[in-house]
Amino acid sequence: RAKEEGGNSYAFYTAEMTAAAFEHVFLENALRGALERDEFRLLYQPQIDLESGRLLGVEALLRWHHPEEGVIPPMRFIPIAEQTGLILEIGRWVLRCACAQARRWLDQGFEFDWVGVNVAGRQVHDREFVGDVERTLAETGLPASCLELEISENFVMRRADSGVEKLQTLHAKGVGIAIDDFGTGYSCLSHLKRLPISRLKLDQGFVRGIPDEQDDMAICDAVIAMSRALSLAVIAEGVETEDQAAFLSGKGCRVAQGFLFGRPMSPEAIERLLEAAG
Ligand code: C2E
Ligand code: MG
Ligand code: MG
Ligand code: MG
């Protein structure tokens, strides 16, 4: 009987593996032509000043509209895009699209301080990276100070040395560098100080713990205090409730993003927000 059960769980396990492997191959193939078929779109999520309620910036978030599968979230395809190297092409498209959009908003007279663009570690390591960013800014006419690159904490900490000079070059030109999902990685504080960082993005996993999880709240508090001590800006991610916003603002966090203020939305929806504010 035990043998039978073992046999069954083995069969179940391989069936699951096969499904995962199948999905991977399916997505990888579909991803190859997705750019040419114009299947990507960017949504933008507002980033809000907690005191004034003003929209300070937006984060560009990628969506893949697959003709049969519908909208595929980034968590399902970004890892595949990284493994295959397709992220280089896709990342260039994201950067260009976000910078061009931000430039159009400026031309329309809307006021905001930055557009955040997520950048995969693999992109930073590409030899064309700095040139790509500089060229995109030049060609779209977006001021460098209006662009903020979001880099994950784990990338920065693990493979900093090869990428750090590139980030420094861009930072010196005025491009903002935000450390995404901060608190989930293994940063050592002395290392942080060495990096050309303008902002820490407090990971939403800790924000979610407010007001029930004491440990999460202590971590939120500590990250906010540390960013102040290091003169870095901090933004809280994933703020969904008034309680969370009040707690964070009470600890000295001035900027937040999350469903409480707005989900990732179309450029037109951002324009309506900016119009209402202006
Ligand atoms: P991220 O950069 O940390 O982005 C924040 C994620 O949290 C987004 O998920 C956003 O929709 C979601 N979010 C925002 N507010 C809330 C909230 O109040 N509650 C909850 N539960 N979630 C919230 P999304 O758009 O699915 O993106 C997931 C991740 O995929 C991003 O995490 C980022 O790491 C990656 N990603 C997205 N777009 C790009 C891109 O253009 N390039 C690269 N390399 N990665 C991207
Ligand atoms: Mg991000
Ligand atoms: Mg994040
Ligand atoms: Mg995240």
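## The magnesium site

Along the chain, the donors of the magnesium ion (ligand 3) follow the spacing D-D-x55-E. Donors here are N, O and S atoms within 2.8 Å of the metal (3.2 Å for Na, K and Ca); water is not among the atoms, so sites may look incomplete. The protein donors are Asp180 (OD), Asp181 (OD), Glu237 (OE) and Glu237 (OE), at 2.2 to 2.3 Å from the ion. Asp181 belongs to strand E6 (residues 176–182) and Glu237 to the loop between strand E8 (233–236) and helix H11 (242–250), so the pair ties together parts that are 56 residues apart in sequence. Helices (H or I, at least four residues) and strands (E, at least two) are DSSP runs, numbered from the N terminus.

Asp180 coordinates both this ion and the magnesium ion (ligand 2), and the two ions are 4.2 Å apart. Glu237 is buried, with a relative accessible area of 5%, whereas Asp181 is partly exposed at 27%. Buried means under 20% relative accessible area, exposed over 50%, and partly exposed in between (1.4 Å probe, protein chains only).

## The model and its confidence

This is a predicted model in which local features need pLDDT of at least 70 and side-chain atom pairs count only at pLDDT 80 or more, while totals for chains, interfaces and linings use all residues. Residues are numbered from 1 along each chain as its sequence is written, chains are lettered from A and ligands numbered from 1 in the order in which they are written, and side-chain values use heavy atoms, leaving out hydrogens and water.

The mean pLDDT (the predictor's confidence in each residue, from 0 to 100) of the protein is 92, and 93% of its residues reach 70 or more.
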